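Thanks for coming. I will go through one chain today, starting with the overall numbers and then moving to a few local regions.

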Amino acid sequence: MVEEFLQQCQQSGDSAYAAFRSVLERLENPNTRVQARLFLSDLHRRVGSSQDCLQRYHFQIQDIHLDQYEGYQGRKKLTMMVIPSIFIPEDWSFTFYEGLNRQTDSIFQDKTVAELGCGNGWISIAIADKWLPAKVYGLDINPRAVKVSWINLYLNALDDKGQPIYDHQNKTLLDRVEFHESDLLAYCRDHHIQLERIVGCIPQILNPNPDAMSKMITENASEEFLYSLSNYCALQGFVEDQFGLGLIARAVEEGISVIKPMGIMIFNMGGRPGQGVCKRLFERRGFHVTKLWQTKAADTDISALVEIEKNSPHRFEFFMGRSGDQRICARTAWAYGKAGGRISHALSVYSCQLRQPNQVKVIFEFLKSGFQELSSSLDLSFQDDSVADEKIPFLAYLASVLKENSYFPYEPPAGSKRFRNLIAGFMRTYHHVPLTSENVVVFPSRTVAIESALRLFSPRLAIVDEHLTRNLPQQWLTSLAVENADIGLSEDLLTVIEAPHQSDLMIELIKKLKPQVVVTGMAHFEAVTSSAFVQLLDVTREIGSRLFLDISDHFELSSLPASNGVLKYLSGTPLPSHAAVICGLVKNQVYSDLEVAFVISEDEAIFKALSKTVEVLEGNTAMISQYYYGCLFHELLAFQLADRHPPQERSSAKASSAEMIGFATSAISVLNNAELSISDTDSFSIIHMDVDQSFLPVPSPVKAAIFESFARQNMSESEIDVTPSIKQFIKSNYGFPTDGSMEFIYSDCSQALFNKLVLCCIQEGGTLCFPAGSNGNYVSTAKFLKAKILNIPTDSEQGFKLTEKILEKALETVKKPWVYISGPTISPTGLLYSNKEMESILTTCAKFGARVVIDTSFSGLEFEFESWSGWNLEAYLSKLNSFSNTSFCVSLLGGMSLKMLSGVLKFGFLVLNQQNLVDAFYNYPGLSKPHITDRYAMKKLLGMRERKEGGLLDAINEHIRTLETRAKRLKETLEKSGWKIVEPRGGISMVAKPSAYLNKVVKLNHPCKDGVSGGNAATYEVKLDDSTIREAMVKATGLCINSGSWTGIPGYCRFTIGLEESEFEQALDCIVKFKSVIGN
């Protein structure tokens, strides 16, 4: 029988494999297993272990001696078979086993283990024999290797007589080991097997056969193909491909998804690319790395590496001989080898463990969900553990948000409800201050919070800590109105006096100057106790000053925060109504320029007024900043155990002893009359058709750019310099000149830039001219800042566009006009200004020396092209600038959120082209600027758009089609419900007149205490017109729109259509429902 078997094997490698496969079938059958094993014993005695057997019979059975390894305990040898189509164990695999053998006995004991690229299975079997793991999965992409491994398992699990060999736990190797055909960890992934250990000797080949993986892999493939497959390392799409490490990189990333949180991966690494490159492969994916063992292996042909070195700055690592320790590059090694010298490279065994396994798993799950190209940008290697502890959880949170959400939901301008709840939770848990989200208002920065508070109260005199005045308007810091502070000066005059940081000196100034508002911080030595804070509270209360205390320098985002006297006081005493606490969050470990601030007030009126103020002046605080710091708060709250002690009773705050300054009359009038956002309540959800945001799905390229901007480390200046991209964008889209005299200014949103322009207009003594039909938020901003305003009427016959005739008539009555124009897409009507119309408007403006602000923030999503072919402003601006009044200039204002479909990523830009206007603008420095991650992401997206890359361009076109369809559907619904429509041509909004509802009376329910209308709730009547219909609709249906007082067009309301799909459908239903409510 043995001789017949050998005759079959002698024919060819395929015949030999077929013969052994029949033996395996008998081994797998319990009834024939013993006889099959006896046959293998006879075969081994017949052929021995000579190399001639492999050449003659196309197989070889050899012994691998294990007792040579230091500290080895277990059987002395394994009997293993090999065939030509799989790897024969070589030095590098023995080096790998040497590294494994130096681990403690607990490394594999009772663990679930996978070996990648198991070959003939000897390492999997050796691990099972020595360490007694719960299970070892030997995996190989070569189907013949898997069959041979099973044969070897039976060879060693049964003795020469075919009887099972039991270990001291009464188990055999058959109980502990399985072999499966698998491309790396595909088998474990597909069968939901979670591993505790992953080991592997994976090839590092720099010149792969690029066609290998395109072929069907079967056990009947040729021996040559199957052998090359085992030695195959094709390009895997990783940055490590250039070093032949791409397959190991893929194995590591696949391992992250199936390894348990405390699991360990152990890999054999050839050191040719350099030890630093090998270690970095693991470290940048979030692993701690330990070198277990290292030796050297001889090298021969390295000419391919020499060629790589010619074309890149990288240098490979070799050694002269096996004992040398001085590294040489591939070129030097090649020359030395050609001259007869012996060269070698390092062979190392690395053990790696995820530093934050749960978070890293979330990150890589996100990458696998369509963002694999980001893997090369990911860098989770950190010198400082505190940086890793902060950044990795945030990347995991960001990854989960981007993966799970198709869009970013509406958030109130006072700040994300989640973020405010986290701040309040941190205050309750760590400082025992019983706050809620309704005590916290979020601002883009501490500077913006301070300036907003001062504008809200408009004191004649304010004292501000000298450390907090740097970004306040220069006019406030140079005014000398302090001498007349006690007499009735106009509230337009605001004087800021800089005061020393030390509280006793500050208190002395307060007593002498009696300011209406005090903004101050505290020295470090004073912040430890509450005495200085109490003194400030007392003195400001006595003279009637509002107090804003800055605790930014003393507020620690730590699990063990230092004692804070202010917060210690607030844990026992409510914050008085005349005081508020400001805290700027800048103390993160990763991004020095990422800021967000919050103000704490326990006075409901202050909370509401500050919330409205930030909405009018800033729009919304950047959500990414809130996400980042929210993640830090969340991590700290998850770390802290719940306090088992009941909160202490707070004593009552002292009553005010002097009359306090109230909100500025003009400010509160604007805030009360402006149509600002209406927030959801716990029991009443609102559909927002009243906000200038898009809630359509965020495209994958945008999500990728956002994530990559945070995942990257060490960005170069050129990667975050967005100006060249903005120049190209405005030139190609609007034909706006971009010569060297232009000044480019950036902010988190265009509204913040606009409010600085309003201040420039006021400083110049100008009048802001708004065409009827301008964005109501911008008009409210100008009113709040007390600008002189002229409303220019527009004609319904012209679609409420500004015309040359109307404009000329208006400008004849104004000195120093500043003309605001929304275009090409007009907000809120959604109509378009043609190039010819804009030329006519600008020619008229030039005639009167007007300063023009063209706001492109609402443009970029035009869906009606028949009557509009784009702008070419440069063609006529150069001519107008040459012949017009010297005060004439055109500034370009814009926001990229709608144009780039970027959702949570906000980015505003302003282009100024007159030096005196630039100088005036910088007199108001308190601008919240985009973080480096925003600039990186926006530059990347602008580059995609300019290159017309399919993913982003397709998404933009799809959004435009969606908006066009929605505009038509909304038009049909409104017309059927009795509204008169102005049909839009682009953008996310349209206007309509409630013709069928005017002068009708509707009864509305006052909400009950639980927030739900109905039942026995009291009712009241509302007579409908274009200004009251908003209130009626939101209370009757939950749909919030903008009324005619917002649009500035008598009789016409505004609807935005960029809602999430289900909310848009609900909005249409609400419109129909409102018709039935009125009908009843």
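**Overall numbers**

Of the 1080 residues in the chain, 59% are buried, where buried means under 20% relative accessible area, exposed means over 50%, and partly exposed is in between, with a 1.4 Å probe and protein chains only. This is a predicted model, in which local features need pLDDT of at least 70 and side-chain atom pairs count only at pLDDT 80 or more, while totals for chains, interfaces and linings use all residues. Residues are numbered from 1 along each chain as its sequence is written, and side-chain values use heavy atoms, with hydrogens and water left out.

The secondary structure comes to 40 helices and 31 strands; helices (H or I, at least four residues) and strands (E, at least two) are DSSP runs numbered from the N terminus. The C-alpha trace spans about 115 × 75 × 70 Å along its principal axes. Taking contacts between residues at least 6 apart in sequence, 75% join residues at least 24 apart, with contact meaning heavy atoms within 4.5 Å.

**Strand β7 and its neighbours**

Next, strand β7, residues 259–270. Of its 12 residues, 9 are buried, and the strand is mostly covered. Which way does strand β6, residues 195–201, run relative to β7: parallel or antiparallel? The two run parallel, joined by 6 bridges; two strands pair if DSSP finds at least two bridges between them. Within this pairing, Arg197 has Ile264 of β7 as its bridge partner. Strand β10, residues 343–354, also pairs with β7, in the antiparallel sense and over 6 bridges. There, Asn268 stands opposite Val349 of β10.

**Two helix regions**

Helix α17 covers residues 417–431. From first C-alpha to last, its 15 residues reach 20 Å, close to the 21 Å expected at 1.5 Å a residue; the expected span is 1.5 Å times one less than the number of residues. Its buried residues include Phe419, Leu422, Ile423, Phe426 and Tyr430, and also Arg420 and His431. What do the buried residues of α17 pack against? Their partners are strands β11 (440–443), β16 (579–585) and β17 (596–600), together with helices α23 (565–572), α24 (604–618) and α25 (623–639).

Now a helix pair. Helix α20, residues 503–513, packs with helix α22, residues 531–543, at an angle of about 5°, with the axes 10 Å apart. Axes are lines fitted to C-alpha atoms, for helices over the stretch in contact, and angles run from 0 to 180 degrees between N-to-C directions. That angle makes α20 roughly parallel to α22, since angles under 35 degrees count as roughly parallel, over 145 as roughly antiparallel, 65 to 115 as roughly perpendicular and the rest as oblique. On the α20 side, the contact is made by Ser503, Met506, Ile507, Ile510 and Lys511. On the α22 side, it is made by Ala532, Gln535, Leu536, Val539, Thr540 and Ile543. These contact residues divide into 7 nonpolar, 3 polar and 1 charged; Ala, Val, Leu, Ile, Met, Phe, Trp, Tyr, Cys and Pro count as nonpolar, Asp, Glu, Lys and Arg as charged, and the others, Gly among them, as polar.

An open sheet of 3 strands has the order β26-β27-β31 and antiparallel pairing. Its edge strands, each pairing on one side only, are β26 (980–982) and β31 (1053–1056). From one strand to the next, the twist averages 35°. Strand β27, residues 989–993, is joined to β31 by 4 bridges, and Ser989 stands opposite Thr1056 of β31.

Gly1058 sits in the loop between β31 and α40 (1061–1079). Why does Gly1058 count as buried? Because its relative accessibility is 0%. Leaving out residues up to four places away in sequence, Gly1058 touches Gln693, Ser694, Phe695, Leu696, Leu963, Arg966 and Ile988. Gly1058 and Ser989 are 69 residues apart in sequence, with their C-alpha atoms 7.9 Å apart in space.

**Backbone exceptions**

Most residues other than glycine have a negative phi, and most peptide bonds are trans. The bond joining Gly823 and Pro824 is cis, with omega about 0°. The bond from Ser827 to Pro828 is also cis, with omega near 20°. Pro824 lies in the loop between β22 (817–822) and α33 (835–847), and Pro828 lies in the loop between β22 and α33 as well.

His58 is not a glycine but has a positive phi of about 65°. This residue is in the loop between α4 (51–57) and β1 (60–65), and is buried at 17% relative accessible area. Asn170 has a positive phi near 65° and is in the loop between α7 (143–157) and α8 (173–176). Asn170 is exposed, at 57%.
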